[in-house]
Amino acid sequence: MKKIVIVDDEPNIVMTLEYTFKKQNFEVYIARDGSEALEILKTVIPNVILLDVMMPKVDGYQTLKIVKENNKLKDTKVVFLTAKNKASDIEKGLKLGADKYLTKPFSVKKIVSEINELISS
């Protein structure tokens, strides 16, 4: 079964995405900030991490840096989903190693298709 870790501090976004990905037969893990995500990633190797940038404690950029340093997670795809949509933000996210950078507001259908395409390639 495909596994996804959704990391976002916005409850409505988390609920929507969790419901959607469960319907797509994903095993879904939820974290409300980067430090919770890093705890989950100690025991779960997901196919993809859907990551917000602006969160309390550990932000998305810092979380991605730590993920990329972990050898067990090197094949995990990382997709930013964030309101930070300036070219410099997008460039920073991709430079840090994100596979995709999607901006809010978003279409759930688009996110599902982007993620399915990413992990099947």
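This is a predicted model: local features need pLDDT of at least 70, side-chain atom pairs count only at pLDDT 80 or more; totals for chains, interfaces and linings use all residues.
View 1. Residues are numbered from 1 along each chain as its sequence is written, and side-chain values use heavy atoms, with hydrogens and water left out. Helices (H or I, at least four residues) and strands (E, at least two) are DSSP runs, numbered from the N terminus. H5 holds 13 residues and reaches 18 Å from its first C-alpha to its last, close to the 18 Å expected at 1.5 Å a residue, where the expected span is 1.5 Å times one less than the number of residues. Its buried residues include Ile-111, Val-112, Glu-114, Ile-115 and Leu-118; here buried means under 20% relative accessible area, exposed over 50% and partly exposed in between (1.4 Å probe, protein chains only). These buried residues line one face of H5 because, seen down the axis, they fall within an arc of 165°, the arc being that of the directions from the helix axis to the C-beta atoms. The cover over them includes E1, H1, E2, E3, E4 and E5, with contact taken as heavy atoms within 4.5 Å.

**View 2. Helix H1 (residues 11–23) has a span close to the expected one.** With 13 residues, H1 extends 18 Å between its first and last C-alpha atoms, and the expectation at 1.5 Å a residue is likewise 18 Å. Ile-13, Val-14, Leu-17, Thr-20 and Phe-21 are buried in this helix. They cover an arc of only 140° around the axis, which puts them on the same side of H1. An α-helix has 3.6 residues a turn, so residues three or four places apart point the same way. Among the elements that cover the buried residues of H1 are strand E1 (2–7), strand E2 (26–31), strand E3 (48–51), strand E4 (77–82) and helix H5 (108–120). The face turned away from the buried side carries Pro-11, Asn-12, Met-15, Tyr-19 and Lys-23, which are exposed.

**View 3. One cavity of 30 Å³ or more is counted in the model.** A cavity is a set of points on a 1 Å grid over the protein atoms alone where a 1.4 Å probe fits but cannot get out, and lining residues have an atom within 4 Å of a point. Grid points are joined across faces, edges and corners, and a volume is the space filled by probe spheres set on the points. The largest cavity holds about 30 Å³ of space. Its lining consists of Ile-6, Val-7, Asp-8, Ile-13, Leu-17, Leu-50, Leu-51, Asp-52 and Leu-81, and E1, H1 and E3 each contribute at least two residues to that lining. Seven of the lining residues are nonpolar, none is polar and two are charged, where Ala, Val, Leu, Ile, Met, Phe, Trp, Tyr, Cys and Pro count as nonpolar, Asp, Glu, Lys and Arg as charged, and the others, Gly among them, as polar.

**View 4. Ile-49 lies in strand E3.** Ile-49 is buried, with a relative accessible area of 2%. Its C-alpha atom is separated by 5.7 Å from that of Ile-4, although these residues are 45 apart along the chain. Leaving aside neighbours within four places in sequence, Ile-49 is in contact with Val-5, Val-7, Leu-41, Val-67, Thr-76, Lys-77, Val-78 and Val-79.

**View 5. Helix H3 (residues 60–69) has Gly-60, Tyr-61, Thr-63, Leu-64 and Val-67 buried.** Within an arc of 160° seen down the axis, the buried residues of H3 line one face of the helix. They pack against H2, E3, E4, helix H4 (87–95) and strand E5 (100–103).

**View 6. Asn-25, in the loop between H1 and E2, and Lys-57, in the loop between E3 and H3, are shown with a cis peptide bond that joins Lys-104 and Pro-105.** Most residues other than glycine have a negative phi, and most peptide bonds are trans. Asn-25 has a positive phi near 65° and counts as exposed at 54% relative accessibility. Lys-57 also has a positive phi, of about 65°, although it is not a glycine, and is exposed with a relative accessible area of 71%. For the bond between Lys-104 and Pro-105, omega is about -5°, and Pro-105 belongs to the loop between E5 and H5.

Definitions and conventions. On a 1 Å grid over the protein atoms alone, a cavity is a set of points where a 1.4 Å probe fits but cannot get out, and a pocket is an open set with protein on both sides within 12 Å along at least five of seven lines; lining residues have an atom within 4 Å of a point.
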